[in-house]
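Subject: Structure handover

Hello,

Here is the structure I promised to pass on. Please open it alongside this note.

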Number of protein chains: 2
Amino acid sequence: MAERESQIVLGLDPDLLSLWPGSGEALGSQHDIEPFQGGAVPVETGPEERTAVAVASHCRALIDATAEACVAVKLQLARFEVLGRHGLAVARGLAAYARAAGLLVIADGKRGDIDVSAAAYAAALTDGIEGPFGPVPGLGADLLTVNPLMGRDALEPFLAAARRSGGGVLVLVRTSNPGAADVEDLELAAGGSVWERIARLADELGERGVGESGLSDVGAVLGATRPEHLARARELMPAAPLLLPGVGAQGGRVQELGAAFAAGRAGGLISASRSISEAHRSSGEAPARAARAEAERLRESAWALSSEVCATS
Amino acid sequence: MAERESQIVLGLDPDLLSLWPGSGEALGSQHDIEPFQGGAVPVETGPEERTAVAVASHCRALIDATAEACVAVKLQLARFEVLGRHGLAVARGLAAYARAAGLLVIADGKRGDIDVSAAAYAAALTDGIEGPFGPVPGLGADLLTVNPLMGRDALEPFLAAARRSGGGVLVLVRTSNPGAADVEDLELAAGGSVWERIARLADELGERGVGESGLSDVGAVLGATRPEHLARARELMPAAPLLLPGVGAQGGRVQELGAAFAAGRAGGLISASRSISEAHRSSGEAPARAARAEAERLRESAWALSSEVCATS
């Protein structure tokens with residue numbers, strides 16, 4: 001992050017109805033779906049192949065346009081699974097493409113399951129497995145979003161896998177949707193809310209994962225739309241990198257996220273999807289140019305804020 | 001369920017180290033990965049293709065052996081995602097194969113996310129989408145396991161998609177792992193535990209989904225290893241079909257699950273994976289024969305129990 005002077009995460013959350021113009025025209029190249037791992041498109045292509053290729057092409061154009069201003073991409077796995085048969089290949093190809101552009105890769109799958117199932121998800125999202133006939137590669141993500149409902153033993157296999165590749169996990173702590181009130185905000189008999197208890201759980205889980213930077217390899221996801229929760233979350237998880245989705249289209253503002261940087265400049269990862277990919281709709285520029293400008297605007301604004309916070313703390 | 005006199009769900013949870021003998025030998029047939037949707041295996045096959053074919057072949061043999069004794073299959077999605085590039089095709093092929101054998105399909109993905117992301121996951125697991133170049137098929141599942149941490153608005157898109165195809169959702173309420181104590185069992189200031197609150201949420205969500213059978217299209221997942229929770233869950237969710245994993249290998253016993261059937265014979269779905277697929281390890285019979293015998297033993301025992309409960313209630 002210091003090298004790139006950026007805390008911006010490019011959200012890859014491709015909406016099939018809003019692909020950039022030209023994305024559907026890339027069909028035919030062998031390397032469209034999974035450029036770094038040889039996933040050729042079958043010669044006879046139907047709607048499923050064409051859709052997969054269009055999404056891969058759109059996302060690669062987005063990465064090309066904005067990589068310089070960003071430090072990571074976040075793949076919303078739902079948008080790749082809905083591509084059907086080629087969904088995982090597209091996601092894996094994009095993860096490799098982003099890595100080649102110097103970006104970290106966040107797999108936003110919000111997975112949560114127990115023992116062998118959690119381990120299988122974790123391997124799928126990181127370094128893959130050694131199968132009975134040889135290696136089966138994984139997505140190659142550095143950071144995984146995980147769902148803590150099932151408790152500590154449902155999170156540990158994800159952390160173990162992420163640590164094998166030098167990465168970490170981001171625990172859902174307090175999300176940005178209205179439904180967060182239904183479970184996350186419930187008050188506990190012992191005091192505090194469910195989400196505050198989850199924050200403590202994340203902090204404990206990451207205790208032994210604090211590196212030289214002072215940050216842990218167990219971070220948290222906090223919706224950027226409710227900055228009042230941020231200061232409290234920082235108190236409960238002093239070493240956690242905080243992934244802050246919801247800036248832009250969902251109403252979150254960078255200027256309100258200062259508390260994240262009380263743990264240092266790398267304490268906050270600011271994720272934006274639609275505000276970057278659809279910037280051309282309000283600016284009238286070409287999509288790539290508008291996306292680059294918006295990513296750079298976010299980068300500057302977050303970097304300046306983190307400089308301020310770190311100078312005064 | 002009445003027609004098949006069965007409440008047994010065959011868990012498809014393939015462990016790469018415990019595939020049935022012969023599963024790796026099916027390579028070469030065009031129809032191995034996705035028999036009903038034309039997903040041909042590429043001519044040049046590496047470890048990733050061979051592993052995918054072996055898993056598909058193992059699971060088809062399991063379905064062939066046990067379908068008569070079962071009412072549904074449950075695909076543990078983690079085990080298919082870890083197959084890499086062909087994982088979703090294998091899962092989709094098996095869902096179609098199970099359906100052709102007269103079985104319902106449960107997608108056990110424990111997904112939870114908000115608005116457009118939840119809708120994308122839900123479409124991926126049910127009827128697919130109409131893409132820009134034509135239809136992209138989904139997994140075709142009837143029932144989806146969902147994670148309620150993010151609240152009601154994170155569940156509704158799953159329910160909406162499942163209802164479109166006449167299916168429903170199964171909300172994680174109280175899981176069978178030790179970590180369930182970390183969040184699910186926390187006591188609330190307003191009384192009761194987090195999981196009891198989630199049970200109420202599931203009951204409310206399913207209020208308008210109660211059909212002629214008296215059962216709702218919003219069910220719940222409850223670990224079969226803690227039968228003491230079952231009676232309470234039935235009180236809180238009188239119309240919910242309960243999916244009960246954990247019988248056999250995890251220590252749950254059919255005889256202790258009677259409370260599920262207080263809502264009728266279809267009130268409990270008893271899921272077993274390893275106890276069926278690995279029955280040959282203790283019996284010494286051929287895998288298919290041992291699996292069939294174990295599935296039939298579970299079917300008889302659950303059906304008899306439900307007859308007793310329904311006669312006395």
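Below is what I found, from the chain pair down to one residue.

First, the ground rules. This is a predicted model, where local features need pLDDT of at least 70, side-chain atom pairs count only at pLDDT 80 or more, and totals for chains, interfaces and linings use all residues. Residues are numbered from 1 along each chain as its sequence is written, and chains are lettered from A and ligands numbered from 1 in the order in which they are written.

**The pair**

In numbers, 64 residues of chain B are in contact with 64 residues of chain A. (Contact means C-beta atoms, placed from the backbone, within 7 Å.) Elements giving two or more residues to chain B's side include helix H1 (47–66), helix H3 (87–100) and helix H6 (194–205) of chain B. Helices and strands here are DSSP runs, numbered from the N terminus (helices H or I, at least four residues; strands E, at least two).

**Helix H6 of chain A**

H6(A) has 12 residues and reaches 16 Å from its first C-alpha to its last. The expected span is also close to 16 Å, taken as 1.5 Å times one less than the number of residues. In H6(A), 10 of the 12 residues are buried. (Buried means 20 or more other C-beta atoms within 10 Å of the residue's own, exposed 12 or fewer, partly exposed in between; C-beta atoms are placed from the backbone.) Among the buried ones are A:Trp195, A:Glu196 and A:Arg197. The cover includes helix H5 (152–164) and helix H7 (228–236) of chain A, together with H6 of chain B.

**The barrel**

Eight strands of chain A form a closed barrel, S1-S2-S3-S6-S7-S8-S9-S10, with parallel pairing. (Strands pair if DSSP finds at least two bridges between them.) S7(A) and S8(A) pair over five bridges. There, A:Val171 stands opposite A:Ala220.

**One residue to check**

A:Ser271 lies in strand S10 (residues 268–272) of chain A. A:Ser271 counts as buried because 29 C-beta neighbours lie inside 10 Å. Its contacts beyond four places in sequence include A:Val9, A:Lys74 and A:Pro245. The C-alpha atoms of A:Ser271 and A:Pro245 are separated by 4.7 Å, though the residues are 26 apart along the chain.

Best wishes

Notes:
Contact = placed C-beta atoms within 7 Å.
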